[in-house]
Amino acid sequence: MYRLTSGHRASVVVATVLTLAGSALGLAQPLVAKHVVDASGHGRMAGPLLLLLAVLFVAEAVTGAVGRFVLERMGEGIVRGLRHSLVARLLRLEMREYDRHRGGDLISRVTADTTLLREVASQALVDLVTGSLVAAGAIVLMVWIDPLLLLLVALTVAGAAVIVASLLKGIRAASERMQTSVGAIAADLERALGALPMVRVHRAEEREAARIGERVEAAYGAGVRTAKLASLMSPAVELAVQGSFLIVLVIGGLRVNGQANTLGDLVAFLLYASYLVLPLSSVFRAVGLIQRGMGAYQRVDQALRLPAEPPGPHTRTRTPAPTPAVRARPREPARRTVPYDEPALALRDVSFGYDPDRPVLRGVTFAVPRRCQTALVGRSGAGKSTVFALIARFYEPDSGTLLFDGSPASALSRAACRERIAVVDQNTHVVHGTLWDNITYAAPEATDSEVRRVVELAQLDGVVRRLPGGLRGMLGERGGTLSAGERQRVALARALLAHPRLLLLDEPTSHLDTINETALTTVMKDIARECAVLVIAHRLSTVQHADRIVVLDNGGVAACGRHEELLAGSPTYRALAAGQMLRPATAPPFPR
């Protein structure tokens, strides 16, 4: 709770002071009521005392309302801060963490878990503090009025406390299971919606519904378990409340009849009993709510502790959680003058494996000259996409060195490396928004003329004319209104707008017809005059026009050279061409 309220403790203090002030006003009311009863019994005027009682009542209500508003605002502020921190952290996690955690489960920590923590922060904390203090004040005044009655009330409350304490551990465990199940529901639903066309084509709606239904049943079971334990707490609290009142009424009435106490004493003690039992019941409920919230807080804290990419040069140490503030895109502090013959990218004896015991790349060495087109070819699983992932600094090599313009990547920040590159992935990413938003994603300040230029280069003129609203037309979720080839061209336009020094293309022609492929081949030649181009390709038409070809085989470089040289001197390259791994442009994508 102390860590959770960091940055909001001033609000906690204000809310606590207001609540205590309201409680003090409430504690004064039984004393005034006692004097009203005693004054009426002796025939004295009680009008001023009744007016004072009314003023105290109104003041307590106003103070309590203001205190409650401060609490609710504090709770919303805590949720806002947690969500900012979680979003900033999740967007900067090391790529390995996305392989270990499901996206929907991480999203549920930002939504469902933080919502539960809002209740803990805005209700449980102050109820716990003020309830304890008010109960202590009531006990002092009850000791002053009748110690015997207080002892009987205390025994009743102690019995309820024992029952509540025995249930808290079970409530926390059940709540944690429920939050985990809710995260699994979100993850499985995201899985199904993200592949909805595949689900529909294979008529798997019922299977997916059954899979998600199992998660729903698990959440239901954990929720019922939590409710069962919480329901056992309620009778214990009610026992403390009703039992205390019955004891005070019976024993207190007998003591009034025996003239050990006055009627005013009994009325005051009854009111103080309510001021003792009700705050204590709120304390019991607050403790139960905190135990439920501990499961959610553990999940949030776990997400905030996941290792994130360091903002500076490569380091093995874990970085602290980012602040909610929006950070400016870091830029390379000082760029040295790069000799013309220095390659845009070089890999020197690079080895890497997603699992250290199963290497994917073994001693890879090659260079990508500036203003040249280099093709990367090889069988599926040879490590081509892994090379791209290392260049983008999604992962760090296990050994060896990457150099950008002659500078080791480990001496540069990830942002400085990524400023130099742009990527057109095989799995093109189109986000919900307009065509303009998607094209300018890498360069939000781009001018209209710059956008029009890349639209023309990427052959997107037809898409602009077709979309209602043109460049400002909506593309739908994941670019659902575009074909696969159109989405690939949107990604190409986005990459070109960034003016990279090194352009990475992963199967750029895989979704294009022959006419558009020919046009793109011409565009790639033009781009190669401005920056280095590294392209993963399987089509012969793409590879044969490259200035340099790097052949990967079994995680290593098998050969480098031009198309004709490799056909003559590389058995691996000849096998790729003969086996249609390098397909002619006119060949169908799949054997018939």
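Tutor: A nonpolar core is a set of buried Ala, Val, Leu, Ile, Met, Phe, Trp, Tyr and Cys residues joined through side-chain atoms within 4.5 Å. Please keep in mind that this is a predicted model.

Student: How many residues does the largest nonpolar core have, and which of them have the most contacts inside it?

Tutor: In soluble globular proteins, nonpolar side chains tend to be buried together. Here the largest nonpolar core has 46 residues, and Leu435, Ile439, Leu503 and Ile549 are those with the most contacts inside it. The element that gives the most to this core is helix H14, residues 484-497, with 7 residues. Another core, of 32 residues, lies apart from it and includes Val350, Ile391, Leu402 and Ala532.

Student: Which residues is isoleucine 439 in contact with, leaving aside its neighbours within four places in sequence?

Tutor: With those neighbours set aside, isoleucine 439 is in contact with Val451, Val454, Val455, Leu460, Leu471, Val490, Ala493, Arg494 and Leu497.

Student: Where do the buried residues of H18 fall when the helix is seen down its axis?

Tutor: In helix H18, residues 571-578, the buried residues are Thr572, Tyr573, Leu576 and Ala577. Seen down the axis of H18, they fall within an arc of 135 degrees, and therefore line one face of the helix. The exposed residues Pro571 and Ala578 are carried on the face of H18 turned away from its buried side.

Student: Is valine 140 buried or exposed?

Tutor: Valine 140, which lies in helix H4, residues 103-145, has a relative accessible area of 56%; because exposed means over 50%, valine 140 counts as exposed. Between valine 140 and leucine 150, which are 10 residues apart in sequence, the C-alpha to C-alpha distance is 9.7 Å.

Key:
Residues are numbered from 1 along each chain as its sequence is written. This is a predicted model: local features need pLDDT of at least 70, side-chain atom pairs count only at pLDDT 80 or more; totals for chains, interfaces and linings use all residues. Side-chain values use heavy atoms; hydrogens and water are left out. Helices (H or I, at least four residues) and strands (E, at least two) are DSSP runs, numbered from the N terminus. Buried means under 20% relative accessible area, exposed over 50%, partly exposed in between (1.4 Å probe, protein chains only). Contact means heavy atoms within 4.5 Å. The arc is that of the directions from the helix axis to the C-beta atoms.
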